[in-house]
Amino acid sequence: MRTRVTTPSANPLRDPRDRRLPRIAGPCSLVIFGVTGDLARKKLMPAVYDLANRGLLPPGFALVGFARRDWVDQDFAQIVHDSVREHARTEFREDVWQELCKGIRFVAGDFSDEGAFDQLSQVVLDLDRVRGTKGNHAFYLSIPPKFFGDVVQQLKRSGLSVSNDGAWRRVVIEKPFGHDLESARELNTTIDEVFPSGTVFRIDHYLGKETVQNLLALRFANTMFEPIWNSNYVDHVQITMAEDIGIGGRAGYYDGIGAARDVIQNHLLQLLALTAMEEPLSFAANDVRVEKEKVLTALTLPRDLDKHTSRGQYAAGWQGGVQVPGYLEEDGISPTSVTETFAAVRLGVDTRRWAGVPFYLRTGKRLGRRVTELAIIFKRAPHLPFSATDTEELGQNSIVIRIQPDEGITMRFGSKVPGTQMEVRDVNMDFAYGDSFTESSPEAYERLILDVLLGDPPLFPRHEEVELGWKILDPVLEHWAAKGRPEPYESGTWGPRSSHEMMARDERTWRRP
């Protein structure tokens, strides 16, 4: 006689294996530092409302803002209201808003103000009593990285980092995680002294995007791709994150950081790791991280960084029929700035699966269009039993995963053109999320904030991954720093000439998304 052993659920009425039932956060609050910034206004506060609108937050949920403003609770509530009405993904419902509004609080102060953090500690205690948050509080640091250490130390001094009686305290950190390997290690040490590793969530919002999650499903839920997902069949991989906008009002953040630190070190290296990793034992956080870290450890740089990397800085040009200024003409940018707005690099993965397959990463602002995609480009067939003219319009097979916009997957392969002649030409087979599913994809920050409140960490890179990323990028940044100014490229184009020459040396070309 076999005895079935079951794991008790936190909610006895909810079977955790029933995928029809949503995962709802338990009693808690979210404290946001830096609520006056663009990220909080355009992404975080609307995401909180969208979660509430979808019924994924507990009834007593509380949202606390901390900033250097002479506001009271009602002023902050109005800011949240305006942000939600302008940027929320889901429709505005007055009943949802009124319930959320009951838990909105505000604390005025700066990051060196001990009195303000003592007041925040009192607000948190009051929320436990009034809203039933039960000592569970997450602190979201939507602030410049130079203030991370100050805020973490204040949370420690005021007792806010300490939980009691089974409650939890968590800290959420936005990229960039340092500006090089040394600073990343210092930051990790500072944070680890206050918050245990399981309570630190490093946000990479690209990992919360639905299509990035679908990459794992594509690879490991299907048998048709695994046999060809290796160096025997793959010629090379291209990972692109292109923006058609400039820096806008982010001069204070962007200048001195640049495209490589802002995007390659985190977003693109994470996408590379997910593409190249072996199948994990499970999708538990630690198992996924182990496989990603193996890939990041195996990354190699080319010997000649002049020939196999590229950096550029956008110049004036035309974008969408409008004349736009160059980077050096943007408000708040020094005319002598050497910050790059375009970066490209070729990497290798020194494993049996990927040996000899180059991975090309590129990112830039003021490029031809806004797109993020991952393209697996396959080798040509070793033998084509056709005449040369039959296949002159046939390119290489590819699988392209579109992350934004128009999330989906495109497969490109050769097909005969209708007619009496044998002519083979490229065709595309498209899968689009919007056509196949009735529910729209949640915003990345919805998924990530909910995972923080649930304590579910698979999507968050840990400090080992961050440091491995800097180990790869630091030599490139040091090489560029010794070379002086980045190469200018006209706005609305696809980057500097050196990036195309980099591909041409390998007898390849960049995709035109």
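The model described here is predicted. Its chain contains 15 helices and 18 strands.

Of the 513 residues in the chain, 52% are buried. Among contacts with a separation of 6 or more, 77% are made by residues 24 or more positions apart.

## The Packing of Helices α1 and α3

Two packed helices are described by the angle between their axes and the distance between the axes. Helix α1 comprises residues 38-53 and helix α3 comprises residues 94-101; they pack at an angle of about 115 degrees, with axes 10 Å apart. The crossing in which α1 passes α3 is right-handed.

Which residues of the two helices meet? From α1 come Val48, Tyr49, Ala52 and Asn53, and from α3 come Val96, Trp97 and Leu100. The residues of this contact divide into 6 nonpolar, 1 polar and no charged.

Gln319 is found in strand β10, which spans residues 317-319. Is Gln319 buried or exposed? Because its relative accessibility is 11%, and buried means under 20%, Gln319 counts as buried.

The side chain of Gln319 reaches two backbone oxygens: that of Asp244 at 3.4 Å, and that of Leu367, which lies 2.7 Å from a polar atom of the side chain. Leaving aside neighbours within four places in sequence, Gln319 is in contact with Asp244, Val324, Arg366, Leu367, Gly368, Ser491 and Gly492.

## The Loop Between β15 and β16

Strand β15 covers residues 398-404 and strand β16 covers residues 408-416, and Pro405 has its place in the loop between them. The peptide bond that leads from Gln404 to Pro405 is cis, with omega near -20 degrees.

Asp406 is found in the loop between β15 and β16 as well. Although Asp406 is not a glycine, its phi is positive, at about 50 degrees. Asp406 counts as exposed because its relative accessibility is 55%, and exposed means over 50%.

## Asp165, a Residue with Positive Phi

Where is Asp165 found? Asp165 belongs to the loop between helix α5 (148-157) and strand β5 (169-174). The phi of Asp165 is near 55 degrees, a positive value in a residue other than glycine. With a relative accessibility of 83%, Asp165 counts as exposed.

Terms used: Residues numbered from 1 in each chain as written. Predicted model: local features only at pLDDT ≥ 70, side-chain atom pairs only at ≥ 80, totals over all residues. Heavy atoms only, no water. Axes fitted to C-alpha atoms, helices over the stretch in contact; angles between N-to-C directions. Helix = DSSP H or I, 4+ residues; strand = E, 2+ residues; numbered from the N terminus. Left-handed = near helix turned anticlockwise from the far one by under 90°. Contact = heavy atoms within 4.5 Å. Nonpolar A, V, L, I, M, F, W, Y, C, P; charged D, E, K, R; others polar. Buried < 20%, exposed > 50% of the residue type's maximum accessible area, 1.4 Å probe, protein only. Polar contact = N/O pair within 3.5 Å; in protein donor to acceptor, adjacent residues only side chain to side chain.
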